[in-house]
Amino acid sequence: MPAWASDAFCASLVRLAPSSVAVYRRDLNAFVDWAEACSLDGPEAVGRKDLHRYLASLTRQGYAARTVARKASVLRRYFGWSAQTGRCTGDPSLGLSTPAGAARLPDVLTERSVESLLAGRSPAAAGDHPLRRLRDDAVLELLYGSGLRVAELCALRPADLDLARSRVRVTGKGGKQRLLPLSAPAVRAVQRFREAQAAAARAGEATGGTAATAEDGPLFLNLRGRPLGPRDVRRIMDRRSAEPTHPHALRHTFATHLLDGGADLRSVQELLGHESLGTTQVYTHVSRRRLRSVIETAHPRG
């Protein structure tokens, strides 16, 4: 797709996480396939009516309004970039709008579900290799105790941890770093895992994802000895959770439980690494909804 310069566009998205860039690439490639089937051979050939036709075709195919809105956002960014870099003389996506999808509140686990997950009491967790179990304990305590993104957790290295001071250095979106406190359970879980790693390495008993690593290597490895990835973390959740959930739900739960406990919104924003306070405000809606539910179920006049 040389005429569309998809690779150059994706390379320009330097402030986005790799997972987000992959979504942009997928959405753009889907549009390019549609455009070329309509004999549009590059961004210069695309007009506003073509973009409306494309979005309308997505709606007819049954795509959710939120998905169509996301794809429209990708097109706006792509054509804005194309105009700035001289690949088309005008931006056909200016003012392009789509129906907004219904706002979806983040998935939040109950305190009982979190305790069960962290304790690993689900049947699927039975029979785990002891060292893998310690790794999984550390992974889940870090996700819930510090509100890390999955990509941030997977990028951690032993040198990022300061267990003596109960803190961790995290590299977030756009390469921005922040220093986060570690919960006491997370410190204990990581200490147990690191000590068991070292002991297993000395004894020559380490297996795949539990082999000890250098200070500048990845903190967590999978069973094939490769850096732990988001899919591996999802598998950990699947093994440990008694109910369907996903790793990012622990970040949502971290934020919501903080607000439920009286934390101020700006502190939560800083902990999560959000650039905009508006991004964090969604958790206030979740928190109010949870508190309303408590009143309705527990108060005599609820």
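1. A term before the details. A polar contact here is a pair of N or O atoms within 3.5 Å. Within protein, one atom must be able to donate a hydrogen and the other to accept it. Residues adjacent in sequence count only if both atoms are side-chain atoms. Please also keep in mind that this is a predicted model.

2. Start with Arg 135. Its place is in helix H6, which covers residues 130–146. Is Arg 135 buried or exposed? Arg 135 is buried, because its relative accessible area is 3% and the cut-off for buried is under 20%.

3. What does the side chain of Arg 135 reach? One partner is the side chain of Asp 136, in a polar contact at 2.9 Å.

4. On to the cysteines. How many disulfides does the structure hold? The count is zero. A disulfide is a covalent bond between the sulfur atoms of two cysteines. Cys 10 is buried, with a relative accessible area of 5%. Cys 154 also counts as buried, at 12% relative accessibility. Both values fall in the buried class because they are under 20%.

5. The sheet is next. Three strands form an open sheet in the order E1-E2-E3, and the pairing is antiparallel. Which strands sit at the edges? They are E1 (161–162) and E3 (177–181), each of which pairs on one side only.

6. Look at one pairing in that sheet. E1 meets strand E2 (residues 167–171) in the antiparallel sense, over two bridges. Asp 162 has Arg 167, in E2, as its bridge partner.

7. Now the largest pocket. About 2100 Å³ of space lies in it. Its lining has 43 residues, and the closest to the centre are Ser 19, Ser 20, Arg 149, Lys 173 and His 248.

8. Which elements give two or more residues to that lining? They are helices H2 (18–37), H4 (65–84), H7 (150–154), H10 (248–260) and H13 (282–298), together with strand E3. The largest share comes from H2, with six residues. E3 is also an edge strand of the sheet in point 5.

9. By class, the lining of the largest pocket has 15 nonpolar, 15 polar and 13 charged residues.

Conventions:
Residues numbered from 1 in each chain as written. Predicted model: local features only at pLDDT ≥ 70, side-chain atom pairs only at ≥ 80, totals over all residues. Heavy atoms only, no water. Helix = DSSP H or I, 4+ residues; strand = E, 2+ residues; numbered from the N terminus. Buried < 20%, exposed > 50% of the residue type's maximum accessible area, 1.4 Å probe, protein only. Disulfide = S-S within 2.5 Å. Pairing = 2+ DSSP bridges. 1 Å grid on protein atoms, 1.4 Å probe; cavity = no way out; pocket = protein on both sides within 12 Å on 5 of 7 lines; lining within 4 Å. Points joined across faces, edges and corners; volume = space filled by probe spheres on them. Nonpolar A, V, L, I, M, F, W, Y, C, P; charged D, E, K, R; others polar.
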